[in-house]
Amino acid sequence: LVLGVTFKRDVSDYRNSPVLTIMERLLRAGADVLYSDPYVPKLDLPLAGGEGNNGPWNGEFIAPRVAGQHGASVGDAVNGSAWPEVATASDTSVDVVANFAWNREPGVVQLQHTALTPELLQECDCVVIGVDHKAFDFAQVGEYAQLVVDTRNAMRHVPAKGVVWGL
């Protein structure tokens, strides 16, 4: 779950937002990506051409396969680490579940805002705080999230039951 996709706090403009790059890398790594942002009800996320591909991304998932596990850490996705072996979505041994719809335009993924609830926070493996909108209840995030990657230092004064990584 990514909290906030805009380029700064409390605005609706997500053009040039660095959070979009994080989301793209998570998608490429095979993660189920949801976002919550009260300022952006829907989002068309363009996926740039991959390494060795000069054109737009061809829509093929690449999911990491490391030591027999399907998936990657958020840290790997954020840092752009390379994995020794990859598998595509057509490989039946890789579980790829998409929480989005492919647009008719090649290389674009359509995502929709998801309301931030305690149930959602409990179900997500990780919460990435991309933007610290005032509308977010960070106490609720601290109470229910298992793992938080805080890129905005929003959790610095918030008690948390799970693990919080500040960047």
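The structure is a predicted model, and the chain it shows has 4 helices and 11 strands. Of its 167 residues, 38% count as buried, and residues 24 or more positions apart account for 55% of the contacts with a separation of 6 or more.

**Surface**
- The accessible surface of the chain comes to about 9,300 Å², and carbon and sulfur atoms hold 48% of that area.

**Nonpolar cores**
- The largest nonpolar core has 20 residues, and those that touch the most other members are Val2, Val5, Met23, Tyr35, Leu43, Leu45 and Leu111.
- At least two residues of this core come from each of helix H1 (18–28), strand E3 (42–46) and strand E8 (108–112), and H1 gives the most, with 6 residues.
- Valine 2, when residues up to four places away in sequence are not counted, touches Val19, Met23, Leu26, Val33, Leu34, Tyr35, Ser36 and Val128.
- A second, separate core is made up of 15 residues, among them Leu116, Cys124, Val127 and Ile129.

**The open sheet**
- An open sheet is formed by 5 strands in the order E2-E1-E9-E10-E11, and the pairing between them is parallel.
- The edges of the sheet are taken by strand E2 (35–36) and strand E11 (163–166), each of which has a single partner strand, so one side of each is left without a neighbour in the sheet.
- Within the sheet, strand E1 (residues 2–3) pairs with strand E9 (residues 127–129) in the parallel sense, over 2 bridges.
- In this pairing of E1 with E9, leucine 3 stands opposite isoleucine 129 in E9, and Ile129 is also one of the residues included in the second core.

**Glutamine 140**
- Glutamine 140 is found in helix H4, which covers residues 138–144.
- The relative accessible area of glutamine 140 is 17%, and because the cut-off for buried is under 20%, glutamine 140 counts as a buried residue.
- When its neighbours within four places in sequence are left aside, glutamine 140 is in contact with Leu116, Thr117, Pro118 and Leu121.

Notes
Residues are numbered from 1 along each chain as its sequence is written. This is a predicted model: local features need pLDDT of at least 70, side-chain atom pairs count only at pLDDT 80 or more; totals for chains, interfaces and linings use all residues. Side-chain values use heavy atoms; hydrogens and water are left out. Buried means under 20% relative accessible area, exposed over 50%, partly exposed in between (1.4 Å probe, protein chains only). Contact means heavy atoms within 4.5 Å. Accessible areas come from the Shrake-Rupley method with a 1.4 Å probe; for residues, only the protein chains shown count as cover. A nonpolar core is a set of buried Ala, Val, Leu, Ile, Met, Phe, Trp, Tyr and Cys residues joined through side-chain atoms within 4.5 Å. Two strands pair if DSSP finds at least two bridges between them.
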